[in-house]
Amino acid sequence: TLMLLMGLSFIAGFVLTYFLLRWGGGNFELLRRPPWTQRISIFEWLSQNKDLESEIRTKTSLPDENQLKSKMSLAPGTLDSLQLRDGFEENKIALNRFNETLLKVLEKFRNKDKILLYELLCTECLLIYLPYLVDQQEDLRKYKFLQQTADWLCYKSSDRGPIKIGLILQGLSPQPHIQNIITLGCHDETAYWAGIALRLAETDSDQGLFQIMSSLQGWGRIQCIRLLSENPNTEIKKWLLAEGYKNNILFAESILDIWHFSKPLETFNSQSEIDINVCLGLLEIYQVMLTQIHPLQLAQCHGFEELLIVLTNELSRMQSKNKFSKDMMKNLSTYNSCRAIQMVLNESFMDVPPFNGLDFTVSEVKNILKCFVEIIDNDISTWKAVIDKELFKDSMENYAEACSAANELGMDIWPLHQQRLVNDPRNPL
């Protein structure tokens, strides 16, 4: 009898479970543990790590790193940036499914619908949804649970996909939390989406974008620069020229955007007092543009030739008064910039047309070259000391650049190079 009862209980339990799964529908979803509760939320993680240096913060894996299907090791924000540059195919089936799932959450905010939406967004290809969200923003703003949906995705999500869509909804919400959007944007993976959210939420989004891009050095900085208004304030323009052009991806990736948004000729001429950091930044910007940007693109850069003339005249004046000379010679990048510009102009003197087609006269180029002779060639001993200091830095990139400059100046670096090889644990000899 006991065995019979146990058998009947097992069968009854099995049948009950089957019917719950078969006909319980969404009600059974309530028994599942929501996927966003299984790890620390990205918002909490970013809040805890916001004071870390950009290099450390963006190289530290987000909490969902192990869940990604793609195992390629890419810089944060790379996939989105490549899709933005190269374009992406419209997927109407995926878009319709996203639309239906999202609207159910915005209308009723039920747990079963939230789970379905969250799981749908756990993908690395979310840009296909962005045009729809922007185009339908007026209709989306009318939904009852827009704010709750935006807050839930932004603050509870432990996966990057839901965070990105949550940021867009936060930008559309009736009470967007601007500072929290900025916090979520302080990672190269999420910065672009936070930037779009700021544009949707505010008529003046430049200050928020400035906070994000000044805290980053990778794709996030590059993409947020592209989201600036046509005429940012003077503080942002000067920052773009002194620091903003630098990134750990490729300077040339954003250099034309820097020129466009900073209005460099106008910004430089409007200074009441010359900022040496802007001068040094402009030298490096010119180095990148002359060596990595096509001359036809340079022709579209307003004031390109005029600013180089004005800049070198100002640097010559500083040199003659011995003003800022120590600041000008504080790092290797200034030497490399001056030398690179000097070489490009010297080598293109006899070309047809000369100077890669740039609108310079011979006398103007001679004055520019004279400035670089004053900066570099008239004080070789000082530059040798700067280069010698760079040779002892740990960074291999710094060391390679310093070796190149040292060879150019005829410095004997072989003993140091030999010692570095001996102490390098990667050396197989």
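**Close-up 1. Salt bridge between aspartate 257 and arginine 226 in the predicted model**. The side chains of aspartate 257 and arginine 226 form a salt bridge with an N to O distance of 2.8 Å; the term denotes a side-chain nitrogen of Lys or Arg within 4 Å of a carboxyl oxygen of Asp or Glu. Distant parts of the chain are linked by this pair, 31 residues apart: aspartate 257 belongs to helix α16 (residues 255-262), and arginine 226 to the loop between α14 (219-225) and α15. Helices (H or I, at least four residues) are DSSP runs numbered from the N terminus. Arginine 226 is partly exposed, at 31% relative accessibility; buried means under 20% relative accessible area, exposed over 50%, and partly exposed in between (1.4 Å probe, protein chains only). Residue numbers start from 1 along each chain as its sequence is written, and side-chain values use heavy atoms, with hydrogens and water left out. As this is a predicted model, local features need pLDDT of at least 70 and side-chain atom pairs count only at pLDDT 80 or more, while totals for chains, interfaces and linings use all residues.

**Close-up 2. Salt bridge between glutamate 189 and lysine 164**. The N to O distance in this pair is 2.7 Å. Glutamate 189 lies in the loop between α11 (178-185) and α12 (191-201), and lysine 164 in helix α10 (residues 160-172), 25 residues apart. Glutamate 189 is buried, with a relative accessible area of 11%, and lysine 164 is buried, at 3%. Both residues belong to a network of salt bridges that links Asp64, Asp80, Arg160, Lys164 and Glu189.

**Close-up 3. Salt bridge between aspartate 86 and arginine 85**. The closest N and O atoms of the two residues are 3.2 Å apart. Aspartate 86 and arginine 85 are both exposed. Across the whole structure, the search finds 17 salt bridges.

**Close-up 4. The largest pocket**. Its volume is about 810 Å³, taken as the space filled by probe spheres set on grid points joined across faces, edges and corners. On a 1 Å grid over the protein atoms alone, a pocket is an open set of points where a 1.4 Å probe fits, with protein on both sides within 12 Å along at least five of seven lines; lining residues have an atom within 4 Å of a point. Of the 29 lining residues, Phe251, Glu284, Ser333, Glu397 and Glu401 are the closest to the centre of the pocket. The elements giving two or more residues to the lining are α15 (234-244), α18 (276-292), α22 (332-347) and α25 (396-408), and α18 gives the most, with eight.
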